[in-house]
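Let's take a friendly walk through this model, with the sequence and the 3D view side by side. Please keep both open as you read.

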Amino acid sequence: MMDKTARRGTRTGFTTGACAAAAARAAALGLVHGAVPLEVESLLPNGDRVRFVVHDGRCEGASTDRAAHAMIVKFAGDDPDCTDGAHLTADVRIDATRPGAVTLHGGFGVGTVTMAGLGLEVGGPAINPVPRANIEANVREVAAGLLDEVGLAVTISVPQGLEMARKTLNARLGILGGISILGTTGIVKPYSTAAYRASVVQGVQVAATLGHGVVVLTTGGRTEQFAMRERAELPAACFVQMGDFLRYALDEAVAQGLREVVIGGMVGKLTKIAQGETITHANRAEVDTGLLAELAAGIGAPPEECAAIAAAETARFAAERMEALGLLNEFHAALAQKVVATLTAPERYGQRFHLRVLVCDFEGRKLAEASSVR
């Protein structure tokens, strides 16, 4: 589950989504074999397979009322994650009424979505799309034969979730009653540590040695894949996942004399950059939805829509409203241009490098771009 030889400050961990999927897999195996295993090798969203220790495994009931229970303790590596040590728990129960179906439910400690703007169904559990797919994939992989005859209902719960949620911004985002089940790769990198900041700086230094005069900064794996498609002529070492540490990356780009900086991102992080934040961690800065409302107004959005955007808590809500109005690309183009204007202001980085901003959606599709004046 973890590399015990890794130096502290660099150890990776596993997301709540990966742990929930492992628990669901273990419980599903319990239904298939009559006993929950002590360890389980689970499929991560990035395609890797990792072994997890299983706790509190048990089976109960008989015939079409059978159920199994399993729990995985989350290890967050060296990321200062408030969900480190969380007990990601899965209860998988036979559902004889829906053969072949795998249904997902939120139990105690998993938040309920109460507001639009998160890409999740209002009233449903705060389990993001990638973890949802990963949980189902693991259950289907080990219980294919069982699913030929019956359905399986998977309930994910986190006993400490309500308490842990108080240390997050979930309530402000309209996620009530617990934590969110998150993760796009299954792996937690220590984005918030000095070691990761140092790795970002080192990545820019490496890019500067390649002779292309450019570094491409992205906020994570999905935006990096998008940026790599957009700048396919560049070698992989020109791309740096900066996480939340834009300031350190840009300062090093200046120090190294790079001629061009490309930033690839999505609406949330780009909004924080546009409003002047260069450390974009969720706990460091809130999204300025008033800024998004101004951008929406500038491209002709109706006043009532702009007011709703200003009153919302997430940048994603603004993107969803703009898409509904047919203004999605124009909105993101305005946001990209605002990022350029903010970062190239004289009191910030001015004209010390040519800046290009690339914007993609949550599926990695290009929406817009903007550039500074050469």
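## A hairpin to start with

Strands S17 and S18 run antiparallel and are joined by 5 bridges. Here, strands (E, at least two residues) and helices (H or I, at least four) are DSSP runs, numbered from the N terminus, and two strands pair if DSSP finds at least two bridges between them. Across this pairing, arginine 356 stands opposite serine 371 in S18. The hairpin of S17 and S18 has 5 residues between the strands, and glycine 364 takes a positive phi near 85 degrees in that hairpin.

## How to read the model

This is a predicted model, in which local features need pLDDT of at least 70 and side-chain atom pairs count only at pLDDT 80 or more, while totals for chains, interfaces and linings use all residues. Residues are numbered from 1 along each chain as its sequence is written, and side-chain values use heavy atoms, with hydrogens and water left out.

## The sheet around the hairpin

S17 and S18 belong to an open sheet of 5 strands, ordered S15-S14-S16-S17-S18, with mixed pairing. Strand S15 (239-241) and strand S18 (366-371) each have a single partner strand, so they stand at the edges with one side left without a neighbour in the sheet. From one strand to the next, the twist averages 20 degrees; angles run from 0 to 180 degrees between N-to-C directions, and axes are lines fitted to C-alpha atoms, for helices over the stretch in contact.

Strand S16 (residues 260-265) pairs with strand S17 (residues 354-360) in the parallel sense, over 6 bridges. Glutamate 260 stands opposite histidine 354 in S17. Helix H7 (residues 246-255) packs on this sheet and touches strand S14 (214-218) and S16. The direction of H7 makes about 180 degrees with that of S14. Contact means heavy atoms within 4.5 Å.

## A second open sheet

Another open sheet has 5 strands in the order S4-S5-S6-S10-S7, and its pairing is mixed. Strand S4 (55-60) and strand S7 (102-106) are at the edges with a single partner strand each, so one side of each has no neighbour in the sheet. Neighbouring strands of this sheet are turned by 15 degrees against each other on average, direction ignored.

Strand S5 (residues 67-73) and strand S6 (residues 87-95) pair in the antiparallel sense over 7 bridges. The bridge partner of isoleucine 72 in S6 is leucine 88.

H1 lies across S4, S5, S6 and strand S10 (151-157), and runs at about 40 degrees to S6. H2 lies across S7 and S10, running at about 130 degrees to S7.

How do the two helices, H1 and H2, pack? Helix H1 (residues 16-33) and helix H2 (residues 129-142) have their axes 8 Å apart, at an angle of about 25 degrees. That makes H1 roughly parallel to H2 (angles under 35 degrees count as roughly parallel). Residues making the contact include Ala21, Ala24 and Leu29 of H1 and Ile135, Asn138 and Val142 of H2. The contact residues divide into 11 nonpolar, 3 polar and 2 charged; Ala, Val, Leu, Ile, Met, Phe, Trp, Tyr, Cys and Pro count as nonpolar, Asp, Glu, Lys and Arg as charged, and the others, Gly among them, as polar.

## Two domains

The domain assignment gives domain 1 (13-188) and domain 2 (193-371); such bounds come from an automatic or database assignment. The centres of domain 1 and domain 2, taken over C-alpha atoms, are separated by 32 Å. Between them, 11 residues of domain 1 are in contact with 9 residues of domain 2.

Conventions
Angles under 35 degrees count as roughly parallel, over 145 as roughly antiparallel, 65 to 115 as roughly perpendicular and the rest as oblique.
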